[in-house]
Amino acid sequence: MIDNSLSALVEGYTWLPARRARSASGVAHTRVLGQRAVGLCGPDAARFFYDEDHVRRHTAIPWPVQNTLFGRRAVHTLDGDRHRRRKSIFLTVVNRHTARTLADGVGTSWDDAAASWEPGRPVVLFDEAARVLTRAVCRWAGVPLADAQVPVVARDLVAMVDGFATPGPRHWRARAARGRREAWLGNLVTQVRDGALSVPAGSALAAVSAHREVDGEELSPRLAAVELLNVIRPTVAVCWFVAYAGHALHRWPEHRQSLRDGDRDFALAFAHELRRFYPFAPFIGGRAVRELTWHRDRIPKHAMVLLDLWGHNHDERLWGDPFAFRPERFLGRDIGPFELVPQGAGDPETNHRCPGEPLTVAILRTLAVRLAQTDYTVPEQDMTISLRRVPARPKSGFVLVPTGTASHSS
């Protein structure tokens with residue numbers, strides 16, 4: 001088979017769905033990065049993919065992604081007991097209470113930023129949200145950060161996400177940003193261990209500093225920094241969805257009033273629909289641990305197995321009219337663990353589903369209401385969202401011009 005790495009880079013989100021569509025079974029057989037690859041989609045495929053008897057992550061995450069997005073030897077690269085032990089850091093730090101605390105902190109950070117907006121002066125929502133989230137999540141995680149440092153740290157955290165799936169300048173900016181932030185946070189971990197820096201008990205910085213692996217060894221300062229970034233970086237990446245929220249409210253203004261009224265159920269549904277409808281991760285990959293069969297399709301041992309997240313979240317059989325933005329589809333609906341998969345599927349306590357998903361949802365629920373309660377106009381701009389760009393975003397970052405800010409109810 002011809003290697004399709006270049007096609008994947010050029011076509012972006014539509015690459016894997018298009019190849020699956022060419023197959024009678026809906027399974028794509030291809031080659032990426034010089035390796036055999038099989039692309040699957042759907043809830044049953046997600047169950048299959050997240051079963052460690054079938055697919056594992058060790059050796060599956062390419063070096064360019066480790067060097068930018070996740071960090072080398074991060075929890076995402078582990079399986080079995082080593083994965084579960086490392087993941088306990090995140091499961092300890094993230095729960096319903098701490099998600100609410102972070103969301104409240106994000107709301108306060110937003111209010112402080114919005115109070116400084118000058119009527120008539122344009123604000124780029126993507127950039128402003130990145131700064132708001134950086135300030136809030138560092139405070140929540142126990143990471144000391146002066147106000148003057150916020151813009152540069154926010155730029156680095158955004159760069160790590162923005163450059164993970166592309167060669168060229170974006171990739172090299174991401175690698176440089178990761179190097180700076182790992183060194184910074186590794187130094188903080190050393191200070192905590194030496195008693196030179198006091199941090200709140202239960203904070204993410206305290207957790208990574210105290211963590212012990214299966215063999216009883218503590219993480220090196222650099223690896224502790226990697227995992228601390230895997231708390232902070234995804235939280236700041238919610239700025240992509242905040243920009244999408246601005247885009248959605250502009251395109252479908254009929255949703256604004258329910259949010260403006262502080263309807264928490266609708267705000268939650270709106271957050272879920274943002275994550276379903278708009279593009280972020282196109283697919284995730286693992287490696288077949290042995291010779292496998294999926295619905296009569298052969299999966300060779302050690303082949304890459306790709307789970308099509310974009311295709312799954314836009315599957316007509318699951319969602320009905322999937323390219324319509326309809327938050328009401330989530331009202332009064334229990335979401336199964338293999339149904340809505342923008343951040344993976346299954347049980348975060350036992351597999352590789354993102355444990356930070358409650359943070360994402362709580363933050364979006366809070367900021368969607370804040371944004372709807374803000375009075376602004378939308379100037380002419382390029383809001384196109386290219387599915388060839390990974391991760392996609394509104395080209396303009398979504399520019400708004402404040403005219404005044406309404407009262408908040410959270």
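Buried means under 20% relative accessible area, exposed over 50% and partly exposed in between, with a 1.4 Å probe and protein chains only. By that cut-off Glu182 is buried, with a relative accessible area of 8%.

A word on the basis: this is a predicted model, in which local features need pLDDT of at least 70, side-chain atom pairs count only at pLDDT 80 or more, and totals for chains, interfaces and linings use all residues. Residues are numbered from 1 along each chain as its sequence is written, and side-chain values use heavy atoms, leaving out hydrogens and water.

Glu182 sits in helix α9 (residues 169-194); helices are DSSP runs of H or I with at least four residues, numbered from the N terminus. Setting aside neighbours within four places in sequence, Glu182 is in contact (heavy atoms within 4.5 Å) with Gly71, Arg222, Ala225, Val226 and Leu229.

Now for two helix pairs, with axes fitted to C-alpha atoms over the stretch in contact and angles running from 0 to 180 degrees between N-to-C directions.

| Pair | Axes come within | Crossing angle |
|---|---|---|
| α6 (residues 96-115) and α17 (residues 357-372) | 9 Å | roughly 35° |
| α7 (residues 125-141) and α8 (residues 150-162) | 9 Å | roughly 105° |

Helices α7 and α8 are therefore roughly perpendicular to each other, a term for angles of 65 to 115 degrees. Their contact is made by Phe126, Ala130, Arg131, Thr134 and Arg135 of α7 with Val150, Pro151, Val153, Ala154, Leu157 and Val158 of α8.

Where α6 meets α17, the residues involved include Trp110 in α6 and Ile363 in α17.

Notes
Helix = DSSP H or I, 4+ residues; strand = E, 2+ residues; numbered from the N terminus. Parallel < 35°, antiparallel > 145°, perpendicular 65-115°, else oblique.
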